[in-house]
Amino acid sequence: MFALPLALLAFAATGLADPTPPALTYLYSVNLTFAAPVEIGSVPTGNRAILTIAGGAFSGPKLNGKVGSGLDWGLTDAKGVFSPDALYTLHTNDNATILVSEKGHAPHVQILFETASTKYAYLNTIVGYATGGPNAAGDIALDVWQIGA
Ligand SMILES: *[C@@H]1O[C@H](CO)[C@@H](O)[C@H](O)[C@H]1NC(C)=O
Ligand SMILES: *[C@@H]1O[C@H](CO)[C@@H](O)[C@H](O)[C@H]1NC(C)=O
């Protein structure tokens with residue numbers, strides 16, 4: 001037998017316990033506005049387009065401010081499922097810059113953050129969940145939660 005690393009053994013043990021769902025903490029809602037897309041077209045994995053994120057705004061109990069710029073080079077598969085793959089920045093009202101990376105399968109999105117801000121440092125170690133879609137204005141509107149307390 002190979003010895004399993006201790007961390008893995010601990011994970012296996014909790015896996016046997018009655019699982020309780022993690023709490024969700026609401027962070028903010030965001031509207032992303034887009035410039036004209038650049039269509040790459042039909043590629044072996046699906047249909048690729050480069051969606052340039054040109055701005056937007058976000059607000060909520062934890063974070064408020066404006067969206068900077070970024071892009072989403074998401075893929076639409078043969079069944080029409082869009083899988084976002086995006087990087088963009090949030091600029092808070094109190095001058096922090098936060099890098100957001102999004103991946104998922106619409107309408108389910110996983111979010112990771114990176115920031116040098118001390119106030120928002122907690123974002124560096126959490127995993128976010130977002131869901132949403134196009135709104136009446138043609139923006140993408142997402143509600144974002146922190147998974148786990
Ligand atoms: C997003 O857009 C909607 C519709 O225009 C608006 O009601 C909402 O306040 C906006 N949210 C933010 C965070 O700006
Ligand atoms: C953010 O930066 C602006 C422009 O430099 C400044 O006027 C404002 O006081 C700053 N706000 C905070 C909370 O640091």
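**Order of elements.** I read the protein chain along the sequence and got the pattern α-β-β-β-β-β-β-β-β-β-β-β. That is one helix and 11 strands; helices (H or I, at least four residues) and strands (E, at least two) are DSSP runs, numbered from the N terminus.

**Basis.** I note that this is a predicted model, in which local features need pLDDT of at least 70 and side-chain atom pairs count only at pLDDT 80 or more, while totals for chains, interfaces and linings use all residues. Residues are numbered from 1 along each chain as its sequence is written, and chains are lettered from A and ligands numbered from 1 in the order in which they are written.

**Whole chain.** I looked up burial: 21% of the 149 residues count as buried. A residue is buried if 20 or more other C-beta atoms lie within 10 Å of its own, exposed if 12 or fewer, and partly exposed in between, with C-beta atoms placed from the backbone. I then took the contacts with a separation of 6 or more, and 38% of them come from residues 24 or more positions apart. Two residues are in contact if their C-beta atoms, placed from the backbone, lie within 7 Å.

**Strand pairing.** I followed the pairs of strands; two strands pair if DSSP finds at least two bridges between them. Strand 9 (residues 108-115) runs antiparallel to strand 10 (residues 128-134), joined by four bridges. Here Val109 stands opposite Ala130. Strand 10 is in turn joined to strand 11 (residues 140-147) by seven bridges, again antiparallel, and Gly128 has Gln146 of strand 11 as its bridge partner. Strands 10 and 11 form a hairpin with five residues between them. I checked the turn and found that Gly138 has a positive phi of about 85°.

**Ligand 1.** Which residues surround ligand 1? I list Ser29, Asn31, Ala57, Phe58, Ser59, Asn135, Ala137 and Ala141. A residue is near a molecule or strand if its C-beta atom, placed from the backbone, lies within 6 Å of it. Strand 1 (24-34) and strand 3 (46-59) are the elements that give two or more residues to this shell. Strand 3 gives the most, with three residues. By class, I find four nonpolar, four polar and no charged residues in the shell. Ala, Val, Leu, Ile, Met, Phe, Trp, Tyr, Cys and Pro count as nonpolar, Asp, Glu, Lys and Arg as charged, and the others, Gly among them, as polar.
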